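Colleague: Could you walk me through how a few helices and strands sit together in this one?

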Amino acid sequence: AGKLQIERDVAAKYRSENVFNGQTSKLATLLTAHPGVRIWAVDIGSGAGWCSAELAHYFKQVIAIEPSQSAVAIAKQLYPQSLYPNIVWNIGMAEHVLPTLEFTAPVVFVTSVVFSHLRDAEVRTICKQIDTMAPSGSLLSFNETWGPSWHQNMWHVRTQAWWQQQLPSWNLDFHGPQLSESPKYNRGIHGIKRG
């Protein structure tokens with residue numbers, strides 16, 4: 001119950017601080033600007049599910065992807081099927097789950113500081129899958145760090161050019177503010193797939 005309560009408290013803190021539409025994500029702002037995209041959202045690295053639960057208020061179906069079985073077990077307790085019937089929890093790596101999905105209308109892809117902890121090879125694979133599978137008009141909201149290239153241990157920062165190279169079919173908006181703890185880096189990327 002300890003971990004469950006910790007995640008419950010984290011979710012309450014995120015809601016009270018409006019992290020869903022915070023300066024680095026501006027997710028509600030993006031969704032408001034594109035009201036026609038409301039069928040599917042894909043939450044990559046959904047963790048204990050707080051963002052998936054918020055997305056569930058906007059979309060017919062939220063596809064949550066998380067490699068940690070224990071995180072998904074906690075998410076299912078915090079956001080039970082009876083209250084969140086439109087969330088589909090997938091245990092697995094995004095690069096394995098994404099190829100099993102198919103979309104016939106625009107979809108939104110969301111990350112919350114997930115790619116910043118993955119190596120370039122995995123992020124390239126996931127971005128290529130997103131670039132290939134997303135119908136025109138799809139959106140992305142990557143709450144990820146960008147700026148001068150930097151890789152150390154489990155923290156990776158990629159340049160704007162790197163991101164654009166991985167997502168060649170997308171108009172990317174590097175809207176995110178500078179990070180107070182690392183002023184030469186920013187966090188927050190939006191995108192729309194061109195027709």
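Here are some questions and answers on helix packing and strand pairing.

Modeller: Happy to, and a word on the ground rules: this is a predicted model, where local features need pLDDT of at least 70, side-chain atom pairs count only at pLDDT 80 or more, and totals for chains, interfaces and linings use all residues. Residues are numbered from 1 along each chain as its sequence is written, and side-chain values use heavy atoms, with hydrogens and water left out.

Colleague: How are helix 1 and helix 4 oriented to each other?

Modeller: Helices here are DSSP runs of H or I with at least four residues, and strands are E runs of at least two. The axes of helix 1 (residues 2-16) and helix 4 (residues 69-78) come within 10 Å and cross at roughly 65°. Angles of 65 to 115 degrees count as roughly perpendicular. Helix 1 and helix 4 are therefore roughly perpendicular.

Colleague: Which residues of helix 4 does helix 1 meet?

Modeller: Contact means heavy atoms within 4.5 Å. From helix 1, K3, L4, E7 and R8 take part, and they meet helix 4 at I74, Q77 and L78.

Colleague: Which residue of strand 10 is the bridge partner of L172?

Modeller: Strand 8 (residues 170-173) and strand 10 (residues 182-193) run antiparallel, joined by four bridges; two strands pair if DSSP finds at least two bridges between them. In strand 10, the partner of L172 is G191.

Colleague: And which residue of strand 2 is the bridge partner of W40?

Modeller: Strand 1 (residues 40-44) and strand 2 run parallel, with five bridges joining them. In strand 2, W40 has as its bridge partner Q61.

Note on methods. Axes fitted to C-alpha atoms, helices over the stretch in contact; angles between N-to-C directions. Parallel < 35°, antiparallel > 145°, perpendicular 65-115°, else oblique.
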